[in-house]
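Work through the exercises below with the model open. Each task is followed by its solution.

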Amino acid sequence: MEIIKSEKGRDLLCYNGYLYRFDKNSSWRCIECNTKKCRGRINLKDGQIIHESEKEHNHTPDIAKNEARIGMQFLKTTAKHTELSTQVVLGAVSLQVTKAVAGQLPVVDSMKKTVQRIRQKELMALAIPASLKELIISPEFTTTLDGKPFLLDDSYSQNQEIPRILIFSTTENLDMMVDCEHLYIDGTFSSSPSIFYQPGPD
Ligand SMILES: [Zn+2]
């Protein structure tokens with residue numbers, strides 16, 4: 001069993017050649033539930049499978065395809081989190097997969113482009129603008145992975161005269177905070193980018 005990210009950044013569970021997406025509570029549905037009306041399901045508790053309805057699938061499992069997805073996930077995380085050359089990243093991926101699975105991977109040129117695209121994106125994310133006025137927050141940082149608002153306030157968009165304050169949180173987090181009797185606060189003062197000032201609790 002392995003959990004990987006979908007193209008949209010959602011969790012996908014790979015198990016026995018089937019892919020499942022999170023449904024509710026502890027239950028995951030086969031990703032073919034809409035396209036093939038598949039009724040395959042799996043229930044997890046504390047990371048362990050407690051119930052599976054494998055017989056309910058109306059299609060065959062595809063272990064090699066799932067392994068290829070896991071391989072591509074490995075390629076993407078390695079590209080994102082290491083500075084290894086593109087060639088070395090591709091080499092590491094090929095070590096991860098069997099020959100049967102390698103046939104399911106995209107062609108080498110396409111994988112190279114994937115690595116380069118991820119690196120390019122990382123570089124852009126790292127660029128710090130000269131002033132807060134120039135800071136553009138790309139849409140992917142304004143919502144959570146499941147599409148809920150994450151940038152709850154940006155004072156600049158309302159009034160350009162007042163200092164720019166950004167508030168990142170979710171309404172669930174705020175609700176949780178309101179219910180707390182005690183709040184403990186910590187900050188990453190030394191590592192915040194130069195154009196930011198992170199006030200501490202005075
Ligand atoms: Zn299914």
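**Exercise 1. Overall size.** What radius of gyration does the protein chain have, and what would a compact globule of 202 residues have?

Solution. This is a predicted model: local features need pLDDT of at least 70, side-chain atom pairs count only at pLDDT 80 or more, and totals for chains, interfaces and linings use all residues. Residues are numbered from 1 along each chain as its sequence is written.
- Take the radius over C-alpha atoms; the globule rule is 2.2 Å times the number of residues to the power 0.38.
- The rule puts a compact globule near 17 Å, but the protein chain has 22 Å.
- Along the principal axes, the C-alpha atoms fill a box of roughly 60 × 45 × 30 Å.

**Exercise 2. Burial.** State what share of the protein chain is buried.

Solution. 
- A residue is buried if 20 or more other C-beta atoms, placed from the backbone, lie within 10 Å of its own C-beta.
- Of the 202 residues, 11% pass.

**Exercise 3. Helix α1.** Compare the span of α1 with expectation, then list its buried residues.

Solution. 
- Helix α1 covers residues 63-81, 19 residues in total.
- The expected span is 1.5 Å times one less than the number of residues.
- From first C-alpha to last, α1 reaches 27 Å, close to the expected 27 Å.
- Its buried residues are Asn66, Glu67, Ala68, Arg69, Gly71, Leu75 and Ala79.

Definitions and conventions: Helix = DSSP H or I, 4+ residues; strand = E, 2+ residues; numbered from the N terminus. Buried ≥ 20, exposed ≤ 12 C-beta atoms within 10 Å, placed from the backbone.
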